[in-house]
Every structure is written in structure tokens, then in C-alpha cells.
Amino acid sequence: MEHVVLKEFENMIGSRLLTEIDDRTSYGYDGSFGQYIPDCVAQVMSTEEVQRIMEIADQHEIPVCARGASTSLSGGPLPVHGGIVLDFSQWDTKLEIYPDDLIMKVSPGVRTGDIHELAEAHNLMYPPDPSSSSICTIGGNLAENAGGPRGVKYGVTKDFVIGLEIVTADGKVLRTGGSTVKNVTGYDLTKLIVGSEGTLAVITEATLRLIPKPSDTRTAMIIFEDLYTAGKSISKILTSGVRPSKMEILDHNAINKVEDYAGLDLPREAAAIILVEVDGDPDVLVKELRIVEKALSEIGVENVQVASDKEEEARLWQVRKLVSPAVVSSGYTKISEDATVPLSRIPDMFRKIDEIKKKYDLNIVVFGHAGDGNLHPTINTNMRDPEEVERVEQAVEEIFNYAIELGGTLSGEHGIGTMKKAFLVREMGEEGVEFQKAIKRALDPKNILNPGKIFPEKGEKRLVLRND
Ligand SMILES: Cc1cc2nc3c(=O)[nH]c(=O)nc-3n(C[C@H](O)[C@H](O)[C@H](O)COP(=O)(O)OP(=O)(O)OC[C@H]3O[C@@H](n4cnc5c(N)ncnc54)[C@H](O)[C@@H]3O)c2cc1C
């Protein structure tokens with residue numbers, strides 16, 4: 001990058017411009033893998049700074065990659081074409097709640113967990129709850145349209161954002177949506193930007209929608225002897241007349257990884273467990289769990305254990321939270337997928353993953369947001385073993401192909417990033433991808449914003465985990 005450009009950035013943000021190789025290297029990673037070193041990192045703290053940087057980037061055609069906490073599992077914040085990383089993680093200064101309007105206004109670097117805490121202090125709730133909420137930022141959640149366990153009842157990030165302030169690729173500031181829940185003025189640009197993975201605009205402020213906090217919750221753990229019945233139970237619960245607020249599944253491998261890691265007294269022999277939470281009025285919750293039990297007994301599922309107190313409930317949810325750390329603790333690289341299928345096809349997906357696991361002789365753990373059909377087949381692999389990596393690539397490709405064949409999607413919540421772009425055409429078709437690219441070209445004609453993401457680049461037709 002030209003010295004004069006760096007000088008201008010430095011004059012604007014001083015020591016918040018990072019140019020040393022050690023600093024830049026530490027901005028080359030995310031929660032997936034791969035390393036790409038940016039030319040510089042700008043720790044931005046205001047809309048004016050972002051605007052000016054975008055103007056300069058536009059003038060010199062320098063790639064700009066926004067970055068929150070870098071917990072992305074799809075390669076979203078990796079600066080694959082170098083250029084500038086805009087680090088939003090320090091800009092957590094605006095966290096304002098307007099309880100009477102049921103809204104919050106936040107700067108992009110605010111941690112999702114802090115949003116939950118403030119809402120709950122006012123007896124309100126911000127439902128989107130990615131499992132990474134204690135570290136990830138709202139900017140990253142908006143750009144990925146993040147989901148989480150509560151998605152089954154409440155929906156995902158896009159359902160709780162009503163307005164944005166954004167900076168365009170050529171450095172203009174504008175607002176989308178507003179502060180009202182109803183707003184049908186013009187195209188819905190808020191929904192277009194949410195989930196666009198930093199490729200259409202940079203988000204500098206968001207107005208979030210809140211709802212009253214449910215007065216209580218109850219949780220049950222259902223234990224299964226076979227995966228197929230576990231899969232069937234998901235539709236059975238969701239059609240029982242009860243709407244769970246969370247419904248998560250762990251397969252045999254996931255249960256045992258957590259048990260090895262944390263010793264929480266889980267049923268090691270089980271083929272799977274499903275954790276179901278209901279929320280609302282305490283008297284109703286007891287009845288709702290009885291309805292769930294009755295529905296399950298109709299398909300021969302009897303092993304339903306209802307948490308007797310809050311401590312036990314917390315322990316059960318800790319089980320789900322610990323899956324990722326437990327998988328990571330094995331030391332090898334963790335490849336996390338999030339193929340999503342129609343609810344009735346979950347048993348088929350489980351069967352297929354089991355087949356793939358045996359065919360490629362891989363260590364695959366399956367867990368995820370069962371109530372959304374959003375499974376996370378997660379593979380532990382030794383990236384130094386090219387032969388094993390090759391098998392992983394083939395296994396992942398088969399998982400994606402099958403999800404699409406079942407009428408599902410490549411990604412329920414992690415985004416496409418670098419990891420799934422080679423498969424985009426398979427899901428959307430050439431015309432579908434072209435239509436999306438037309439939007440990208442219209443809003444970012446110089447391809448400055450997060451280039452190398454979502455759309456396959458020349459020759460990218462399959463997943464390549466190693467480049468040697
Ligand atoms: C243990 C673990 C559990 C997880 N659980 C879940 C889960 O339950 N549900 C889920 O959906 N995801 C989950 N994730 C994935 C990840 O946490 C989410 O994708 C999250 O939204 C990323 O937020 P971040 O702040 O880390 O963003 P980053 O990873 O830094 O960036 C993500 C994307 O957002 C863009 N971006 C960041 N800030 C801005 C901005 N201000 N303007 C424009 N673009 C921006 C980046 O360019 C990138 O494309 C999990 C990850 C981990 C490691």
C-alpha cells in the first residue's frame with residue numbers, strides 16, 4: 001500500500017493504525033482457518049473515520065475487510081486480497097436502550113452478550129443468541145445474519161433489526177429502515193445488508209428490536225437409542241402444539257466429547273440427546289412439557305428427563321455450550337459445517353452423515369439447532385496429513401450435495417465466506433448467482449468490500465483446504 005495512503009490513515013487515527021507485521025499477522029485468522037495478512041489494520045471508532053477510509057480506499061481501489069471479533073466459521077473476516085482490515089472490536093461505545101420503544105441502538109463493536117445483559121436488566125429480551133455471544137460482536141452478527149438456539153421460536157438476527165447506519169463502498173453514509181417496527185418505505189435495504197457478509201456496505205450503527213422477557217423457562221433432556229428416532233422426534237415435538245424456545249441435538253460422539261472434557265454425568269451410551277426448553281408463564285410450562293412427553297410416547301420415546309431446578313437446567317445448557325470447546329480440545333483443526341435441511345429430512349441427513357463418516361473413516365461430531373433443521377457436522381482433522389485432508393474435502397462436498405438434494409441449504413447461519421463459495425452455483429444455479437452478483441456490482445463496482453467472499457472466483461469448483 002502506498003506510503004502516502006498509510007500516512008493519511010495515521011494522521012486520522014494515530015496509534016489505532018497497525019502496520020507492524022506481528023499486529024497484521026494476528027488479524028489474518030478467524031474461527032475457520034487459513035491465514036491472509038492485511039497491509040494494515042485500522043481500529044475505527046466513529047462513522048467519520050470509516051467514511052474517510054472508504055473514500056480513500058475507493059480512490060486507490062484498495063480492498064477493505066470489516067472485522068468484528070473474528071469468530072466467523074466460514075472465513076468471512078479473512079483479508080484474502082490483503083488491503084485494509086477495519087477492526088470494529090474496539091468500537092463498543094454506544095449501547096443505548098429505549099425501553100418504552102422496545103429498541104436499542106448500538107455501535108458495531110458491542111458484544112452480543114452485553115446486549116442481552118442490558119435488555120434483561122429492563123425485563124426485556126434480544127432473542128438472537130449465537131453460542132459465541134460472550135465474544136462475538138453485533139456487527140459480525142448482522143453481517144452473518146447469525147442465529148442461535150432461540151431461533152426455533154423467535155427467528156434470527158434479521159428478525160430483530162429495524163434500522164442501520166451504513167457506509168457505502170465509495171464512502172457515503174446513509175440510513176436504512178428506522179426506529180419503528182413497521183416500515184415499508186422503499187426497498188428493504190436493511191434486510192439486504194443483513195447477511196451480506198461485509199460485501200455490500202460497512203455497518204456503523206444498528207437499531208435492534210426487543211421483546212418482553214419470558215417470565216420463566218423449563219428444560220428437558222430426551223435420550224435416544226437410535227439417531228433415526230431422534231430425528232423423527234424433532235418434527236413430532238414441533239407439531240405437538242407446543243413451540244419450544246430452544247431445541248438442540250447432540251449425537252453420540254458429541255455427548256462423549258463433552259463428557260470426556262467436562263464430566264457432566266451424561267448418558268455415554270445414548271445415540272443422541274435432544275435438549276428442549278419452553279419459555280413463558282411457569283404454570284403453562286409444566287403443561288407444555290407434558291404435551292411434549294405425550295407426543296413422544298406416541299412414537300415410543302419414553303426417556304424424557306425434566307430438569308428439577310434451575311441449577312440442573314443450567315447444567316443441561318452448559319452441555320450444549322461445551323461441544324465446541326470439547327471438540328477443539330482434541331488439538332486438531334475443527335471444520336464446522338452448518339448444512340440445513342427441511343425438518344422432516346433430518347433423519348435422512350443423520351443417516352447420510354453416518355454413512356459418510358464410515359466411508360471416509362473420519363471423526364465427525366454432529367450437533368446443532370435441531371428445531372431449525374440446522375445441523376453442525378464437525379470434523380476434527382490433522383491438516384498436516386494431506387491424505388486425510390483430501391478425505392475431509394470429499395466428505396464435506398458429499399454433505400453439501402446431499403443437503404441441497406434434500407431441499408436444504410449450504411449454510412443456516414455461518415455464512416458462505418471463503419469456505420462454501422465453490423458450491424454456491426449448485427444451490428442457486430447460474431442465474432441465481434448472476435442475479436446476486438448484479439447487486440454486488442451495482443453497490444460495489446470496484447469490488448472493494450470484502451473481495452473473495454461468497455462468490456466463487458475463477459476455477460473454484462470444489463473445497464480446497466490445503467493449498468500445497
Ligand atoms: C464457539 C462458536 C460458536 C458459534 N455459535 C454460533 C451460533 O450459535 N450461531 C451463529 O450464527 N454463529 C455462531 N458462530 C459463528 C460466529 O460467532 C458468528 O458468525 C458471528 O456472527 C461472527 O461475529 P464476529 O463479531 O466474530 O464477526 P467476524 O467473524 O469478525 O466477521 C464476520 C463477518 O462479518 C463481517 N463484519 C463484521 N463487522 C462488520 C461491520 N461492522 N460491517 C460489515 N460487515 C462486518 C466480516 O467482514 C465477516 O464477513 C459461532 C462461532 C464460534 C467460534
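The following legends describe close-up views of a predicted model.

Residues are numbered from 1 along each chain as its sequence is written, and side-chain values rest on heavy atoms, with hydrogens and water left out. Because the model is predicted, local features need pLDDT of at least 70 and side-chain atom pairs count only at pLDDT 80 or more, whereas totals for chains, interfaces and linings use all residues.

View 1. Glutamate 144 is found in helix H5, residues 138–144; helices (H or I, at least four residues) and strands (E, at least two) are DSSP runs, numbered from the N terminus. Buried means under 20% relative accessible area, exposed means over 50%, and partly exposed lies in between (1.4 Å probe, protein chains only). A salt bridge is a side-chain nitrogen of Lys or Arg within 4 Å of a carboxyl oxygen of Asp or Glu, and for charge Lys and Arg count as positive and Asp and Glu as negative, while His and the chain ends are not counted. When residues up to four places away in sequence are not counted, glutamate 144 touches Ser72, Ser74, Gly76, Gly195, Glu197, Glu413, His414 and Gly415, contact being defined as heavy atoms within 4.5 Å.

**View 2. Histidine 414 and its contacts.** Histidine 414 lies in the loop between H14 and H15 and counts as buried at 12% relative accessibility. With residues up to four places away in sequence again left out, the contacts of histidine 414 include Glu144 and Lys420, along with Leu73, Ser74, Ser336, Glu337, Asp338 and His376. The C-alpha atoms of histidine 414 and valine 167, which are 247 residues apart along the chain, are separated by 23 Å.

**View 3. The second largest pocket and its lining.** About 690 Å³ of space lies in this pocket. Of the 28 residues that line the second largest pocket, the closest to its centre are Gly195, Glu197, Ile416, Met428 and Gln436. Helix H7 (189–193) and helix H15 (424–443) are the elements that give two or more residues to the lining, and H15 gives the most, with six residues. The lining residues divide into eleven nonpolar, ten polar and seven charged. Here Ala, Val, Leu, Ile, Met, Phe, Trp, Tyr, Cys and Pro count as nonpolar, Asp, Glu, Lys and Arg as charged, and the others, Gly among them, as polar. On a 1 Å grid over the protein atoms alone, a pocket is an open set of points where a 1.4 Å probe fits, with protein on both sides within 12 Å along at least five of seven lines, and lining residues have an atom within 4 Å of a point. Grid points are joined across faces, edges and corners, and the volume is the space filled by probe spheres set on the points.

**View 4. Glutamate 197 and isoleucine 454, each with a positive phi.** Glutamate 197 lies in the loop between H7 and strand S10 (202–209), and although this residue is not a glycine, its phi is positive at about 55 degrees. At 7% relative accessibility, glutamate 197 counts as buried. Isoleucine 454, in the segment after H15, is likewise not a glycine and has a positive phi of about 65 degrees; with a relative accessibility of 10%, isoleucine 454 also counts as buried.

**View 5. The salt bridge between glutamate 8 and arginine 52.** A search of the whole structure finds 32 salt bridges, and in one of them the side chains of glutamate 8 and arginine 52 meet at 2.6 Å, N to O. This pair links distant parts of the chain, with glutamate 8 in helix H1 (residues 3–13) and arginine 52 in helix H3 (residues 47–60), 44 residues apart. Glutamate 8 is partly exposed, with a relative accessible area of 31%, and arginine 52 is partly exposed at 30%.

**View 6. The salt bridge between arginine 426 and glutamate 397.** The closest N and O atoms of this pair are 3.0 Å apart, and the bridge links arginine 426 in helix H15 to glutamate 397 in helix H14, 29 residues apart. Arginine 426 counts as partly exposed at 35% relative accessibility, whereas glutamate 397 is buried, with a relative accessible area of 17%.
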